[in-house]
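Subject: Structure handover

Hello,

Here is the structure for you to look through. My notes on what turned up follow below.

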Amino acid sequence: MDKRERLLEGRYEQVQERKQVLVKSWREAWTPGRIVVAGLAAGFFMGRAEPVKIAVKSGNLMQIISLVSGLFAGAGAQEAADQAGHAAGQAGRAARAADQAADQAGGARAGERSAA
């Protein structure tokens with residue numbers, strides 16, 4: 001593996017680590033009190049919006065709710081997929097390191113045999 005590939009892998013790992021820190025801090029920032037306040041504020045503004053009143057009268061409210069719930073479910077699935085991809089990347093790096101160690105060990109044994 002040349003220097004550029006190692007640099008690229010290092011940058012990729014840094015980005016993944018920073019993403020995980022961002023996701024963790026984002027989740028920690030959403031305390032129960034903040035969620036309640038955000039829900040109340042969103043409910044107030046949605047209640048004041050005329051398009052929502054029209055949607056309720058026309059029966060499209062359930063479609064809107066199902067759309068929003070699908071959006072949140074998709075975000076959760078995407079995060080799980082990202083974590084699985086990160087784990088796969090770590091497993092690949094570990095496999096490459098094991099292969100290199102095995103190659104080095106094989107080379108050392110061959111050197112010992114030729115010296116004897």
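A term to start with: a residue is buried under 20% relative accessible area, exposed over 50% and partly exposed in between, with a 1.4 Å probe and protein chains only. This is a predicted model, so local features need pLDDT of at least 70 and side-chain atom pairs count only at pLDDT 80 or more, while totals for chains, interfaces and linings use all residues. Residues are numbered from 1 along each chain as its sequence is written, and side-chain values use heavy atoms, with hydrogens and water left out.

Overall fold

The protein chain has four helices and zero strands. From the N terminus the order is α-α-α-α. Helices (H or I, at least four residues) and strands (E, at least two) are DSSP runs, numbered from the N terminus. Of the 116 residues in the protein chain, 3% are buried. The chain exposes about 9600 Å², and carbon and sulfur atoms supply 64% of that area. Accessible areas come from the Shrake-Rupley method with a 1.4 Å probe; for residues, only the protein chains shown count as cover.

The tryptophans

W30 is in the loop between α1 (3-29) and α2 (32-48). At 37% relative accessibility, W30 is partly exposed. W26 reaches 57% and counts as exposed. W26, W30 and I35 make a nonpolar surface patch of about 360 Å². Patches take residues with over 30% relative accessible area and no salt bridge; like charges are joined within 9 Å, and nonpolar side chains (Val, Leu, Ile, Met, Phe, Trp, Tyr) within 5 Å.

Aromatic pairs

The whole structure holds two aromatic pairs. W26 and W30 form an edge-to-face pair, 5.8 Å centre to centre with 65° between the planes. F44 and F45 are also edge-to-face, with ring centres 5.3 Å apart and planes at 70°. Rings of Phe, Tyr and Trp (its six-membered ring) pair if their centres lie within 6.5 Å; planes under 30 degrees apart are stacked, over 60 edge-to-face, and the rest tilted. F45 is exposed, at 56% relative accessible area.

Salt bridges

How many salt bridges are there? The count is two. The rule asks for a side-chain nitrogen of Lys or Arg within 4 Å of a carboxyl oxygen of Asp or Glu.

E9 bridges to R96, with the closest N and O atoms 3.3 Å apart. E9 lies in helix α1 and R96 in helix α4 (residues 61-115), so this pair ties together parts 87 residues apart in sequence. E9 is partly exposed at 27%, and R96 is partly exposed at 36%.

R93 bridges to E13, with the closest N and O atoms 2.8 Å apart. R93 lies in helix α4 and E13 in helix α1, so the pair ties together parts 80 residues apart in sequence. R93 is partly exposed at 21%, and E13 is partly exposed at 25%.

Second largest pocket

This pocket holds about 160 Å³ of space. Its lining is Q16, K19, Q20, V23, K24, E79, D82, Q83 and H86. The elements giving two or more residues to that lining are α1 and α4. α1 gives the most, with five residues. A pocket is an open set of points on a 1 Å grid over the protein atoms alone, where a 1.4 Å probe fits, with protein on both sides within 12 Å along at least five of seven lines; lining residues have an atom within 4 Å of a point. Grid points are joined across faces, edges and corners, and the volume is the space filled by probe spheres set on the points.

Best wishes
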